[in-house]
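Please view the structure first, then read on.

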Amino acid sequence: MNAITPIEPGASVALGAPIDVTIENVQKAFGDTPALHGVSLDVKAGELVALLGPSGSGKTTLLRILAGLDAPTAGRVLFGGEDALGLRVQDRNVGFVFQHYALFRHMTVFDNIAFGLTVRARGERPAKAEIRKRVLHLLDLVQLSGLDKRYPSQLSGGQRQRVALARALAIEPRVLLLDEPFGALDAQVRKDLRRWLREIHDRTGHTTFFVTHDQEEALELADRVVVMSKGRIEQVGTPDEIYDAPASPFVFGFIGESSFLPVTVVDGAVQFDGAPLDLAALGTPSGPATLGFRPHDVTIVDDDQPALTGQIVAERRHGGARRLDVEVGPERHRVEIDMAVEHSRREGGMVAFRPHRWRIFAR
Ligand code: ATP
């Protein structure tokens, strides 16, 4: 794929007015298997929302319900205040892009993009010249001008996904649903497309749901991130809120590298193994709690201030740092910490460290 040049700021592209989407207590079971347990979410017109969660957390099920491909067992979905569940798929006016949403192989790029318009009933179908204008405009938007006569087999994976997006946009959707649209592409292409999609979104302003299990992708792309686990929403927030103020150990662990230790909070101060740690836990009730920290948020110390100490059981290179596996406390809880590469290797030895950023979760 050729590198994607940044989209020039220019006239915004009016492609159907964006709408609010309200999801109210949506439940879904497949036979006896619950897939969604009462999911509620308000999405504002024009927002780009990432549905983020591990495999099986219910992301695709929620997206399929929004699309009208599946019906919920209970709950409501409103598009612009209007009950969407009563509408057929074709009347919901949603655009989809899926990870393996194969383009029609026997059709040119032009015909693929035009497809959703050409199959409309005669009364609703735009005139040929209008379809042509719209397709060429979309090709320009997805930066594939000049490739309209090619067949999908003559495109790279990234170009195919851009055609798939143009095809989804062609019908002037009110809502855009993207299910891991870049999942099958290699890391660099994904990164390019991610940035490009954000620019497209800023120009077209669709209300967009983007499914991913890649936290970096969600944090970089979305206005708000919806973290899902086991059919429930664990947290909804801006990327900063999700990263800096995770609501649970699950979110903390899912959103970045993390280590946890069982601690006790006594009057707003943290203790590990009966010893104070000099870490504040204001607002956390006294009692058992979980301390979470990220490997790069610790300082290796060599003083007599309170610190965590443990034995280094493994060492490896990790990006710009040296990553240590350390066993802490009498129960040998294993945590990961980073140390500057300038430090000499000392596997088997002891190390003392203090988290300089951390989270405390009451248990
Ligand atoms: P992934 O990231 O792997 O795509 P996901 O978060 O999108 O996962 P879903 O595909 O929504 O998860 O699945 C949620 C749960 O519902 C899973 O336990 C899954 O096995 C189950 N499930 C999904 N579709 C069906 C189906 N058609 N029949 C039975 N169970 C299903």
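Asp 244 and Arg 357 form a salt bridge, with 3.3 Å between their closest N and O atoms. The term stands for a side-chain nitrogen of Lys or Arg within 4 Å of a carboxyl oxygen of Asp or Glu. Across the interface of domain 1 and domain 2, the rule finds one salt bridge.

The model is predicted, so local features need pLDDT of at least 70 and side-chain atom pairs count only at pLDDT 80 or more, while totals for chains, interfaces and linings use all residues. Residues are numbered from 1 along each chain as its sequence is written, and side-chain values use heavy atoms, leaving out hydrogens and water.

The domain assignment gives domain 1 (21-249) and domain 2 (257-362); such bounds come from an automatic or database assignment. Their centres, taken over C-alpha atoms, are 40 Å apart. Seven residues from domain 1 and six residues from domain 2 take part in the contact, meaning heavy atoms within 4.5 Å.

About 570 Å² is buried between the two domains, and carbon and sulfur atoms give 53% of this area. Buried area is the accessible area (1.4 Å probe) that two parts lose on being put together, summed over both. Of the area that domain 1 buries against domain 2, Tyr 243, Pro 246 and Pro 249 supply 72%, more than any other three residues.

The ligand is surrounded by ten residues listed here by name: Phe 30, Ala 35, Pro 54, Ser 55, Gly 56, Ser 57, Gly 58, Lys 59, Thr 60 and Thr 61. Each has a heavy atom within 4 Å of the ligand.

| Residue | Protein atom | Distance |
|---|---|---|
| Gly 56 | polar backbone atom | 2.8 Å |
| Thr 60 | side-chain N or O atom | 2.8 Å |
| Thr 61 | side-chain N or O atom | 2.5 Å |

The protein covers 57% of the 630 Å² of accessible area that the ligand has on its own, by the Shrake-Rupley method with a 1.4 Å probe.

Conventions: Polar contact = N/O pair within 3.5 Å; in protein donor to acceptor, adjacent residues only side chain to side chain.
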